[in-house]
2 protein chains.
Amino acid sequence: MTMKKIELRAPYLLFIADVGDQGHAKTGHGIAFWRPQLCAGQMRLPGCRADLGLPELDVAAAIAAGVGTVIIGVASTGGILPDTWVPPLAALARAGVDVAGGTHVKLADKPVLVAAAREGGARLIDVRVPPQGIQVGRGNKRSGKRVLMVGTDCAVGKKYSALALHREFVQRGIKADFRATGQTGIMIAGEGMPIDAVVADFISGAAEALSPDNDNDHWDVIEGQGSLLHPSYAGVSLGLLHGSQPDAVVLCHDAGRDDLLGLEGIFPIPPLDEAIDIVLTSARVTNPACIWAGISVNTASLDEQQRRDYLADLAGKYGLPCVDPVAIGMTDIADYLLEHVQ
Amino acid sequence: MTMKKIELRAPYLLFIADVGDQGHAKTGHGIAFWRPQLCAGQMRLPGCRADLGLPELDVAAAIAAGVGTVIIGVASTGGILPDTWVPPLAALARAGVDVAGGTHVKLADKPVLVAAAREGGARLIDVRVPPQGIQVGRGNKRSGKRVLMVGTDCAVGKKYSALALHREFVQRGIKADFRATGQTGIMIAGEGMPIDAVVADFISGAAEALSPDNDNDHWDVIEGQGSLLHPSYAGVSLGLLHGSQPDAVVLCHDAGRDDLLGLEGIFPIPPLDEAIDIVLTSARVTNPACIWAGISVNTASLDEQQRRDYLADLAGKYGLPCVDPVAIGMTDIADYLLEHVQ
């Protein structure tokens, strides 16, 4: 299978523009946290109140540092691309530096950027635009091992859990790739598939292309999206699950969440065993051997004693490793995977 | 909710070009069979070996008959739009007749057609192109009743079953709409949503837009797509299921099919109770009251005695009406729906 996916060239310059707080530079923080070795520096505009703690580079310094891609690492209000951002990005493009972004307004819709990129031979990479040539999923068994994060909801820490598990594998010397399926994940990984942006008929095919055949002892750690029980996004979640053919799934959950995100008061978060039942039934369509390998819980809403009790209670109930990926880490889940997936 | 969907203007001229056999004019036959009152005539090119049994109209006669839309009712090899088809279509467009098609090559990619349509004030309608402005699904409960066809596989008679059930309702004087989700269905209905062509994030939202709030005693009979257990298309099926919020589902099946279409020898058709279990579990996310209302079986592969035995066996096993929608009709399933959905 020919790999069709977005790929970014390192090293990166993280462009955080003029955002008023750290929160709006979340994507930039994610890249700097997970891939510091790929980040040459940051670029800020006057008035910026975020700081990624990276060297400050202007256009000339970035070019001198051999930057491959300037990544727009901020969320703008309404997903626009303000005119004040364009001149520095265009100057970089004119010097051959790729520009990558995930704003709602496309880079390719800014004529100045398009002209600059053409002049410099640079690429404008909209990470929300899926690559061309994705095929319909086939369900053929692929070699290598795969673990997919699944969720009781959106935004419960699936990306963080996958990145933490991938790091755990790499630190142990195990061959592994983090497979990104959303825009921030793609920017962190430098490659991936914006799975929620592909045409509906091709969801599972896109997931198949993202984790191709690999060595038998290689792990793909796949970022999940949405939830099979979320009425807005479940189609994406199911196509991703089928196409990923996971050998194991890790259930991600937020201990402080009572209702599905965006549907508060209408759709309660389902019980964990109900959430996992439908995941495993569906996963076994394309991988009959798929197992449940643990629970990764965002316990930011709990104090330390509550967290310990909460995780111990879950572990007792399900007989599986139950962790907070930030406070505790993915060690136990990695152990479980290595022991139970052959 | 503002309705965003494709809509065709009747009466129709069915363009079946120069196809070599009746099979390649399947879409045209479907429209002529289900909506004869909307069909003014057919147009054929030299060498055509299909015949829909409709009056033969040339461009002048079609215009004189007040045709609203010329529908390309054939499948061409490779989904192309051959150059020989363009002159008559352009002549009609120039006279203000809309042109509708579902070929892989878009009508809008033919400059001659685009110019003719602009001149005549006609629309070029690619029924595989979703309408603009589809929103993310919300899962809010809508008024009116809904029944969705679901399948053990693709191409098992979901469209036919929905059309036959809709006809049954209409004949009884029950308020009902057939809601089309695929290109042939859209051409038959004159409106609908090409659900497999929307961007993945919007599948359930597109399904919500297709069957908006309605009178409490009104039925939407919704054409299904794919199967939750088909590794190629399940994401589409799940988003459609969630967004449709069906009060009931009818399971469609082909008695002669052992393996999933296109995946022969790899993926067997699942047992019917396994197929329905996951459908009902998923359906109840957005409509906890959803019931299973019967089985609609394509028994074309069986002789009459075998068919009777097969359907009686299923009915005994599941305690539900089990019919062949062609040989027997949807009467029993309509009765069951009216009795069990309040």
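This is a predicted model: local features need pLDDT of at least 70, side-chain atom pairs count only at pLDDT 80 or more; totals for chains, interfaces and linings use all residues.
View 1. Helices (H or I, at least four residues) and strands (E, at least two) are DSSP runs, numbered from the N terminus. Among the buried residues of H8(B) you'll find B:Val236, B:Leu238, B:Leu240 and B:His242. What covers them? The cover includes helices H7 (203-210) and H8 (234-244) of chain A, and from chain B it includes strand S7 (145-151), helix H7 (203-210), strand S10 (219-222) and helix H9 (272-286).

A quick reading note: residues are numbered from 1 along each chain as its sequence is written, while chains are lettered from A and ligands numbered from 1 in the order in which they are written. Local features need pLDDT of at least 70 and side-chain atom pairs count only at pLDDT 80 or more, but totals for chains, interfaces and linings use all residues.

**View 2. Where chain B meets chain A.** In this view, 31 residues of chain B are in contact with 31 residues of chain A; contact means that the C-beta atoms, placed from the backbone, lie within 7 Å. On chain B's side, H7, H8 and H9 each supply at least two residues, and H8(B) gives the most, with six. By class, that side has 18 nonpolar, 10 polar and three charged residues. Ala, Val, Leu, Ile, Met, Phe, Trp, Tyr, Cys and Pro count as nonpolar, Asp, Glu, Lys and Arg as charged, and the others, Gly among them, as polar.

**View 3. The six-stranded sheet of chain B.** Follow the strands in the order S8-S10-S7-S11-S12-S13: this is an open sheet with parallel pairing. Two strands pair if DSSP finds at least two bridges between them. At the edges sit S8 (176-179) and S13 (322-323) of chain B, each pairing on one side only. S7(B) and S10(B) pair over four bridges, and B:Leu148 stands opposite B:Ile222 in S10(B). Helix H11 (residues 331-340) of chain B packs on this sheet, touching S7, S11 (248-254), S12 (291-298) and S13 of chain B. The direction of H11(B) makes about 175 degrees with that of S12(B); axes are lines fitted to C-alpha atoms, for helices over the stretch in contact, and angles run from 0 to 180 degrees between N-to-C directions.

View 4. Which way do the residues of strand S5 (residues 98-101) of chain B point? B:Asp98 and B:Ala100 go one way, B:Val99 and B:Gly101 the other, and all are buried. S5(B) pairs in the parallel sense with strand S4 (residues 69-72) of chain B over three bridges, and B:Asp98 is the bridge partner of B:Thr69. Of the 216 residues in the largest nonpolar core, A:Val99, A:Val249, B:Val99 and B:Val249 touch the most other members. Such a core is a set of buried Ala, Val, Leu, Ile, Met, Phe, Trp, Tyr and Cys residues joined through C-beta atoms within 7 Å. Leaving out residues up to four places away in sequence, B:Val99 touches several residues, including B:Val70, B:Leu89, B:Leu107 and B:Ile125.

How values were computed
A residue is buried if 20 or more other C-beta atoms lie within 10 Å of its own, exposed if 12 or fewer, and partly exposed in between; C-beta atoms are placed from the backbone. Two residues are in contact if their C-beta atoms, placed from the backbone, lie within 7 Å.
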